[in-house]
Amino acid sequence: MKRWRAASLTAAAALALVLSGCGGTGGGADGGSGGGKGELLVWVDNTRMPAAQQYKKAHPDLKMRIVTIPPDAGYVPTKISLANRTKSGWPDVVFLANPAEAATLASEKFGYAAPLDDLVPKSVRDGFTPGSLDTCTFGGKTYCLRNDIAPTVLWYDATLMKRYGYQVPKTWAEYQRTGLKAAEEHPGTIVGAVNGKYGAGIYFGSSGCATRDTLSLTEVHIDLGQANCTRVADLLQPLAREKAVTTVVPIDPGFAKFGKGDQILMLPAPAWFGDFMFGPAFKVPKGRIAAAPMPTWSGESKPYAGQVGGGAFLVSAHAGERTKEAADLVRWMTTDVTLQAEQPTYPAFTAAANKWGEAKSKDPYYAADPMPALTAAASALRPGFGAVRFEADWQSSFNDTLVKAIDSGGNLRSALGSWQDKLEAAAKTSGYTVG
């Protein structure tokens, strides 16, 4: 799905976009937020458009203009940068398909995102899944509300598990042993994918490795020498050697060969893979895929989930007299249970997630009800995984170091040092102090 596309704009392309203005977003030189016309200007993707139109229809006295924007990484910051230069055309509300961009839009350089603590009651904010607003919070202030989240679970093929006589692993040590056994007994079988955010966010994110621990809008903690990082390298090293994990990115069309060939035994992946990848992309027949909690790391008492995906809504600091209306729209879009229960992905608002899960529990595609695992994962997001302004570099530097080491048969522990250097350089270039 386009909504989950991971590609990001290059610096040159982003600059060209700023200079050209790329019309059609509702920006321009017609004066201030909302185009200077006293209207509430809202930017959303295609998926959120029907809900925004529903809100507009329910508020006939509210002058509101809704504009569709693409979900491309880097698009919103580039357009906001243009609005900042022209001092006009800011949207009053914007949807981010990449929540990490909240760190950019809330920064002093951009000055776009308005803190929501005084606009959205604490009682409402407390209704979101614990930890889901961490990517929106900097220096104790909340700058966005999450629309949906993407906690990771251990997806597995129940048919293959039964056929091979394997048990679903509960610990990462068991996961490693099962993966190595499958690679030996059933060559070509995979138990994971390690590429970009699908490696960094799933394995290192769930382990609590400090690759992007956001302390504030200007300070980030990065430390890949700690045990929470080295244990991931040790987990993946033998699996990579025996080809039990692949470096093919799951959203690449080439990944479908694993599904068509009955080669996906297990795949730690985000919640949305259940609906949008296994059947449509990987062509795994119905009645085979099930979900289990992420395995537990050694020395810990419960499993933690990583994060790969989700979206967020922001209110403009330039909204002026439309600030209250903008905040009300964002609150409704993210917390209305009836609305969110019909959305395609896991709602960040707990009551909505519970309602959303009722239909998911009955979905005949799955071999078993996936909701217990999904609900547990949503409540076990690993702390310390913050929104950062170097998101694209975070992904590309992982591929330049860890993935390159996997492909070349290199030492993954040694590659952590190279990744550390690249992350620190990217953080400093983005205006962070690395602590």
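**A first look at the predicted fold**

Aspartate 262 is found in the loop that links helix H10 (256-260) to strand E12 (266-270); helices (H or I, at least four residues) and strands (E, at least two) are DSSP runs, numbered from the N terminus. This is a predicted model, in which local features need pLDDT of at least 70 and side-chain atom pairs count only at pLDDT 80 or more, while totals for chains, interfaces and linings use all residues. Residues are numbered from 1 along each chain as its sequence is written, and side-chain values use heavy atoms, with hydrogens and water left out.

The backbone at this aspartate deserves a look. Most residues other than glycine have a negative phi. Aspartate 262, although not a glycine, has a positive phi of about 55°. With a relative accessibility of 28%, aspartate 262 counts as partly exposed (buried means under 20% relative accessible area, exposed over 50%, partly exposed in between, with a 1.4 Å probe and protein chains only). Lysine 87 is not a glycine either, and has a positive phi of about 55°. This lysine sits in the loop between helix H3 (75-86) and strand E3 (93-96). Lysine 87 is exposed, its relative accessible area being 60%.

Along the principal axes, the C-alpha atoms fill a box of roughly 65 × 45 × 35 Å. Of the 435 residues, 57% count as buried. Among contacts (heavy atoms within 4.5 Å) between residues at least 6 apart in sequence, 76% join residues at least 24 apart.

One part of the fold is an open sheet of three strands, in the order E9-E10-E15, with mixed pairing; two strands pair if DSSP finds at least two bridges between them. Strand E9 (210-214) and strand E15 (433-434) stand at the edges with a single partner strand each, so one side of each is left without a neighbour in the sheet. Strands of a sheet pair through backbone hydrogen bonds, either parallel or antiparallel. Strand E10 (residues 219-223) and E15 run parallel and are joined by two bridges. Valine 220 has valine 434 in E15 as its bridge partner.
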